[in-house]
Amino acid sequence: MQAGMGYMARNQETRQDITHWHPEAKSVLICGFSYADNSKKEAGPDRGRLSRYSVLADYHDELKKRMLGLLEWFQAASGGGTGRVFIDTSPVLERLYARYAGIGWVGKSTMLIAPKLGSYFFLAGLSLDRELACDEPTPDHCGSCDRCLKACPTEAFPRERVLDANRCIAYFTIEHRGPIPDGFRPGMGNWIMGCDICQEVCPWNRFAVPGSVFKPVLDSSIALEELAELSPAEFKQRFRHTPVERAKYQGLLRNALLAMGNSGDQRFIPSLQKWASDPDPVLSEQAAWSLRTLVDFFPRHA
């Protein structure tokens, strides 16, 4: 169910046993870094929404720096030893180790949920060649709650604790290249980078404590007309060193054009008409679809 993310099918042995990646490993130390923000994230249909993690500076360098610092401290305190840092760029399944380390449990949304952090946090790990005392896993506290499963507008959860990326808004807006399948377009609403719906409805995120490491560097929403006027150079300058880079220029613009179609806002028609004749087949097709959607929308609401 990894959709176009072929890397998830590789290195299966390493995902099952960290010693294939770090042969000397005897213990794994896991850290969680909150990026929770308790302010309300609302955006009208004329603005594109960005998920909470995507408005931050790219987290990889910061987490790697902190974990290397922790490794240096550990080596000094224990008289040596070897260790390797992993975030989400290695074939190590951080969430599995975080679960066994007691940080939290895997919720029905497949997100790791921690009692004091909710689900808005990054994971970073450190494999060590020393034996450490093990923590106990955290019990499951989802109970009978299934808000996350019911809230997903594209029905990306075939059953609890299983996510089908082929239907996931976050996958479509970030990783997917090319046109977004027609059947999922209406459900995407005005999300242009990631999606937080299953996390927003989770009761445990009411208790999330904002972290001190990561602060927003982008607004949580952007005017769709503004995005439609963005050049590739402006995209690169504006979103450099943020997760939005991952979507790439074509992807973000495609998402904005789709959100225009879902907005029901006639003001977007001139912009969509311009993009409908663009030489890029993905962008022109998306603009044409959004135009048809708006034309169909207004007679029904006249």
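At what angle do the axes of α9 and helix α10 cross, and within what distance do they come? In this predicted model, the axes of α9 and helix α10 (residues 269-276) cross at roughly 135 degrees and come within 10 Å. Angles over 145 degrees count as roughly antiparallel, and those from 65 to 115 as roughly perpendicular; α9 and α10 are therefore oblique to each other. The crossing of these helices, α9 and α10, is left-handed. On the α9 side, the contact is made by Tyr249, Leu253, Leu257 and Met260, and on the α10 side by Ser271, Leu272 and Trp275.

Helix α9 also packs against α8. The axes of helix α8 (residues 232-239) and α9 come within 10 Å, with a crossing angle of roughly 95 degrees. The two helices α8 and α9 are therefore roughly perpendicular to each other. Pro232, Phe235 and Phe239 of α8 make this contact with Lys248, Tyr249 and Leu252 of α9.

Helix α9 itself spans residues 248-263 and has 16 residues. From its first C-alpha to its last, α9 reaches 23 Å, close to the 22 Å expected at 1.5 Å a residue. Twelve of the 16 residues of α9 are buried, so the helix is largely enclosed by the rest of the structure. Just after α9, glycine 264 takes a positive phi of about 70 degrees.

The model also contains an open sheet of three strands, in which the order is β7-β2-β8 and the pairing is mixed. The edge strands, each pairing on one side only, are β7 (191-193) and β8 (221-223). From one strand to the next, the twist averages 40 degrees. Strands of a sheet pair through backbone hydrogen bonds, in either the parallel or the antiparallel sense. Strand β2 (residues 47-50) pairs with β8 in the antiparallel sense, over three bridges. Within β8, alanine 223 is the residue that stands opposite arginine 47.

Terms used:
Residues are numbered from 1 along each chain as its sequence is written. This is a predicted model: local features need pLDDT of at least 70, side-chain atom pairs count only at pLDDT 80 or more; totals for chains, interfaces and linings use all residues. Side-chain values use heavy atoms; hydrogens and water are left out. Two strands pair if DSSP finds at least two bridges between them. Helices (H or I, at least four residues) and strands (E, at least two) are DSSP runs, numbered from the N terminus. Axes are lines fitted to C-alpha atoms, for helices over the stretch in contact, and angles run from 0 to 180 degrees between N-to-C directions. The expected span of a helix is 1.5 Å times one less than its number of residues. Buried means under 20% relative accessible area, exposed over 50%, partly exposed in between (1.4 Å probe, protein chains only). Angles under 35 degrees count as roughly parallel, over 145 as roughly antiparallel, 65 to 115 as roughly perpendicular and the rest as oblique. A crossing is left-handed if the near helix is turned anticlockwise from the far one by less than a right angle, and right-handed if clockwise. Contact means heavy atoms within 4.5 Å.
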